[in-house]
Amino acid sequence: MHDFLNDKRFAGVKPLKSKALLSSPTMHGEEWEYMKEAYQSGWMTTAGSNIEKLEELVSGYMGRRAVALSSGTAAIHMAVKLAAEKAYSSSSGVSTPFGKGAGGSLYRKRVFCSDLTFAATVNPIVYEGGEPVFIDSEYDSWNMAPEALEKGFALFPDVRIVVFAHLYGNMGQIVKIRSICREHNAALIEDAAEALGAAVSADDGKLPAGAAGDYGVLSFNGNKIITGSAGGMLVVPDEYSYKKVKKWSTQSREDVPWYEHEELGYNYRISNVVAGVARGQWPHLWEHISQKKAVYEAYQDGLQDLPITLNPMENGNYWLSCGLIKEDRMSVTARSSRSAVYQVEKGKSCPSEILEALATFGCEGRPIWKPMHMQPLYRSNSFITVEKAAVSTDIFNRGFCLPSDNKLTFRQTQHIIEVVRRCFR
């Protein structure tokens, strides 16, 4: 640990009295009214008007049916099951819109997945017995590189599912990714947990994050652009998928008077209270995005003469503002699986130094997601890149997440900018 408080570079800088947060919930009042409605009506369970209204709100925005669930991770799991059913249904069993068979097994089948993401994007593939194959990022969007996905299909032409994560709220080249998936008859699952409110233009109109692929996943976790404290949403293409997920998420209970189960089920239902919080947040989505954008633009202006570029946000919701240090201005640094060390060098810095300095002076930052192919759990899985060195690894090594709370004041953002600037003195 470096002693920043006694470092001459930071003379006169004092810790903030009110901590600058990474991304915290912003409450408005309507949330409490809907929570009280659940309490007063007695619907404190996994059914009620808040759930129905939240599904209506999201469905109306997406132009597709949406199923409210207990978390974004649960939604990814249900999307993977639906995609596997469509791709791998057996030749016998009940009829479905995807061919015959009550379901399809993903066991020991490969699934392409974004490499630079959180583990929750990937783990549901393993829940279903699948094998994640990680696709490298591109510098232009920090998201899955279309060229690397094309190489993936050349190597593994039998893959029928692709999971694409919208990193830090930016949709990247989702239209091109969708085209590649269609060309190879693969289902596209969008992990849009970080990207609610983002949109991209396509030949078929403006596509909201979560409605560009075959299945879309949203999250209402406490740090997201709007929150329910928990909860998630799965956006589906048809009524069959909606009803199927409703059944699976309710322990696959059959519609008979007693408890009858023909399929494996899950307790993935959302609480009517949690749905009430998310319902109350919904009208403030665009307000939150505007505030997040203002923070991003403040950093863009305040850091422009430093050897730092911000994360791409051309088609994003500005959820998190991140920095990437230019390669020739990186100080000497080394990371183990659990810790990092660095050398203080004039005119240079590194993510570990910047994040440590921010923490010292009352600001909450974070490292970039550690790529999945570098995780101990997934080191033996295939990783596909078209570059000499992994782009995702390079972004992880040189990148960092800045405080991006939509309630940051002008004084706080200027304080954060000053701390980062002094790291390069």
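**Helices α2 and α8.** I began with the axes of α2 (residues 49-62) and α8, which come within 8 Å and cross at roughly 40°. Axes here are lines fitted to C-alpha atoms, for helices over the stretch in contact, with angles running from 0 to 180 degrees between N-to-C directions. That makes α2 oblique to α8; angles under 35 degrees count as roughly parallel, over 145 as roughly antiparallel, 65 to 115 as roughly perpendicular and the rest as oblique. I noted the crossing of α2 and α8 as left-handed, a term for a near helix turned anticlockwise from the far one by less than a right angle, with right-handed for clockwise.

This is a predicted model, where local features need pLDDT of at least 70, side-chain atom pairs count only at pLDDT 80 or more, and totals for chains, interfaces and linings use all residues. Residues are numbered from 1 along each chain as its sequence is written, and side-chain values use heavy atoms, leaving out hydrogens and water.

Next I listed who meets whom, with contact meaning heavy atoms within 4.5 Å. From α2 I found S49, N50, I51, K53, L54 and L57, meeting N272, A275, G276, A278 and R279 in α8. By class, I have five nonpolar, four polar and two charged residues in the contact of α2 with α8. For these classes, Ala, Val, Leu, Ile, Met, Phe, Trp, Tyr, Cys and Pro are nonpolar, Asp, Glu, Lys and Arg are charged, and the others, Gly among them, are polar.

**Helices α1 and α8.** I then turned to α1 (residues 30-41), whose axis comes within 7 Å of that of α8 and crosses it at roughly 150°. The two helices are therefore roughly antiparallel to each other. I recorded the crossing of α1 and α8 as right-handed. On the α1 side I see E30, E31, Y34, M35, E37 and A38, and on the α8 side N272, V273, G276, V277, R279, G280 and Q281. I sorted the residues of this α1 and α8 contact into five nonpolar, four polar and four charged.

**H284.** Helices (H or I, at least four residues) and strands (E, at least two) are DSSP runs, numbered from the N terminus. H284 counts as buried because its relative accessibility is 11%; buried is under 20% relative accessible area, exposed over 50%, partly exposed in between (1.4 Å probe, protein chains only). Leaving out residues up to four places away in sequence, I found H284 touching H28 and E30. The side chains of H284 and H28 make a polar contact at 3.5 Å. By polar contact I mean a pair of N or O atoms within 3.5 Å; within protein, one must be able to donate a hydrogen and the other to accept it, and residues adjacent in sequence count only if both atoms are side-chain atoms.

**N170.** I placed N170 in the loop between β6 (161-165) and α6 (174-183), and at 4% relative accessibility it is buried. A polar atom of its side chain lies 3.3 Å from the backbone oxygen of S141. I also found the backbone nitrogen of N315 at 3.3 Å from a polar atom of the N170 side chain.

**Positive phi.** Most residues other than glycine have a negative phi. I noted a positive phi near 65° for Y318, which sits in the loop between β12 (308-310) and β13 (322-325).
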